[in-house]
Amino acid sequence: MRNILTTLVAVSACFFGCSTAPQDKVIAKIGNTSLFVSDAEFLAAIRPENARDKKSITADLQQTADTRRLAETARILFAGAETTIQKDLASNENARLSQVYAYFFLRANMGVTNKALSDYYEQNKALYTDSSSSFMPLVNLREKVAADLFLEKNPQLAALVNDSNKAAIIDSCRRALLSSETDRLKKLYNVELVKIEPPGAEEYYNKHPEEFQTKTAYKLLSLSDADSSVLASKIKNISTKEEFAKIAAEMPIAKQGHAIMDIGMFPALDGEISKLGAKKFTQILRAPDTQAYYVFYIDSIIAPQLKPWDRSKSLVKSILEKEGDFPLDSSVVLATIGGSPFITEKDVLELQAKIHPMRRAGFRRENALNSLVETNLYAKVAREKSLDKSYEYIAWTRQLIDQAYVQVLTDSLLSSTLGIPEDTLKAAYEAEKDSLFLPKSFEESKLDVAVWLSIPDIAYKREFALNKQNYGQAANWEAIKRAAYKNIRYKEFAGVQERVLAKKIVPVAVIDTSWGLEFSSNNFAELATQAKKQYENRDLQKVKTLWEKARTLFPQNDSIQKATSYELANIYQELGSYSAAVNEYKAIIGLWADDPDVYKAYFMRGFVLSEYEKNDSLALIAFQEMLEKFPNSELSDDARIMADNIKSGGKVLEDLIKKIEASSEEE
């Protein structure tokens, strides 16, 4: 729960108003469902406070709408998936409710209901006059209203707050609320963890006595001084314990490898004792921690002893748990609430099964149990506060369902067979397996076969026009089809998917146009109109997207392909994508060599190569090819000037400019 903000930002759905959902306003009709104002309010609520205006969230809302449109398509195509999706959602219901509780109720609302915040806002509107013209002021001001109400309820804290420290204090309070809530709820609902002893613990203790021995200990007398020579003089001529005891002090029992009281760690002493044995004096030693000098008399050495079972229980349990979770029956109760079962081993196993295998080793029973206690407690309180009927929960669930359906669409249609019948795929596989698909089996090759059957001829023609040099002496595009397939299949896959969806995508009707949502059409005339409108608005990226979509959707229409190629070449050039523009003109020349207007592509290719790519050698070839094929076109004179200028190293245009300037001066 501590990183709940990150978790919720990755998903969607929220509303500020009352706890029960009133009639939601529709922004757009999408097939048999809609896009709602609550979707927009959620997107605002999970953004930073300074980015909750209508304009800022429109892009996210557009993405939500596009996802819902795909989901609606999937609902139609895969109606049978509903049962599985609902089952999956139900299995994660507590997790969702706990996140709504933690993020919205605790963090955003600071522990009060939406209704309380709404009432406080209405009673104190004068404090929030700057919100009157804002989009969704309650969503925008949610945290601010919650902070003000929190301070009003805590006057002692409020007395410490000023403009400079308010943000830091409120942030600290929010973090404190989150960090203390689990313990508070455990006490409130009387949640207890059941003590589970690992099986075979005493047996392990009996079989491994060496692991439960006490440390070697020794009784010592000691004498110290900051000066080693002074210490040496003190012990001169002393040879018995009795003589040493008159000037030395008896120490508490010291354990091997442990810190010694008032001295600290003393590894050299352990070494001396193990070397000398009992009833001996050590040499003068310097303590690493105190830097004082010491001499010890080793009175006796106490050998290690086996610790009794009661003292060893916790260590045995720790050792066994380090080896992994010990097995329990799934019905074993691990936590109770009010004396009744709350969390069982079955719950732990189900949660662990959801953890990625790479992380599962670090998510042992104890971690899983603590997580489940927190999640289920938060979910319990969320239901009691009717958060399962709030817009936070309703809209989030709606959007999660969208995502699930889109995944079904991707897995079942777009990542499988592209809607092509099994027998058609099988026949194509048998026909081409030796040349294209071996050593894969038919089952392994289904998607590859589907792509092979779905790539349009124009894709091969374009590949041949652009990269003819890569295919040896091939005479035409048909001759390179199989080789080209291996080079273009991944690039063409997205286009194939888009065409499959275009035949099935549901219609959309925008109700509230103030959001500026746009749903590109699958009709060429409408796409062209949209592109021209965006070109007038100078949104060239959108223009590019629309023309590229038009080219993708209508591969069999030669006139559309030619028109979109000219449009895209121009847009690439305006966007500064000069290499893409050059390639587009090259493709036009290769695909429509007999078109009466193709001379324009020759000229523009030469022009872009010369003026922007600074590749005069290729530009000259383009101009010369144009003049050879179209000596009398309306651009031929311009092409000659450009060609001559390249040959002269730029002097032709330089002289021409001088003549124009001189002529202007004479006038």
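Because the model is predicted, local features need pLDDT of at least 70 and side-chain atom pairs count only at pLDDT 80 or more, whereas totals for chains, interfaces and linings use all residues. Residues are numbered from 1 along each chain as its sequence is written, and side-chain values use heavy atoms, with hydrogens and water left out.

The second largest pocket has a volume of about 710 Å³. Here a pocket is, on a 1 Å grid over the protein atoms alone, an open set of points where a 1.4 Å probe fits, with protein on both sides within 12 Å along at least five of seven lines; grid points are joined across faces, edges and corners, and the volume is the space filled by probe spheres set on them. The lining (residues with an atom within 4 Å of a point) comprises 24 residues, of which Asp66, Glu518, Phe519, Ser520 and Lys549 are the closest to the pocket centre. Two or more lining residues come from each of helix 3 (54-77), helix 23 (481-502) and helix 25 (540-553); helices are DSSP runs (H or I, at least four residues) numbered from the N terminus. Helix 25 gives the largest share, eight residues. By class, the lining holds seven nonpolar, 10 polar and seven charged residues, where Ala, Val, Leu, Ile, Met, Phe, Trp, Tyr, Cys and Pro count as nonpolar, Asp, Glu, Lys and Arg as charged, and the others, Gly among them, as polar.

Helix 28 (residues 598-611) and helix 29 (residues 616-629) pack at about 160° with axes 8 Å apart; axes are lines fitted to C-alpha atoms over the stretch in contact, and angles run from 0 to 180 degrees between N-to-C directions. The two helices are therefore roughly antiparallel (over 145 degrees). Their crossing is left-handed, meaning that the near helix is turned anticlockwise from the far one by less than a right angle. Contact (heavy atoms within 4.5 Å) involves, among others, Tyr599, Tyr602 and Phe603 of helix 28 and Leu618, Ala622 and Phe623 of helix 29. The contact residues divide into 10 nonpolar, two polar and four charged.

Helix 28 also packs on helix 30 (residues 636-647), at an angle of about 30° with axes 11 Å apart. That makes the pair roughly parallel (under 35 degrees). Phe603, Phe607, Ser610 and Glu611 of helix 28 meet Asp638, Ala639, Met642 and Ile646 of helix 30, a set of five nonpolar, one polar and two charged residues. This crossing, too, is left-handed.

Helix 8 (residues 142-153) and helix 10 (residues 166-188) pack at about 85°, their axes 11 Å apart, which means that they are roughly perpendicular (65 to 115 degrees). Including Phe150 and Leu151 on helix 8 and Ile170 and Leu177 on helix 10, the contact has seven nonpolar, no polar and four charged residues.

Two backbone details complete the picture. Leu438 and Pro439 are joined by a cis peptide bond with omega of about 10°, and Pro439 sits in the loop between helix 20 (422-437) and helix 21 (442-454). Met110, although not a glycine, has a positive phi of about 55°; its place is the loop between helix 5 (93-108) and helix 6 (114-123).
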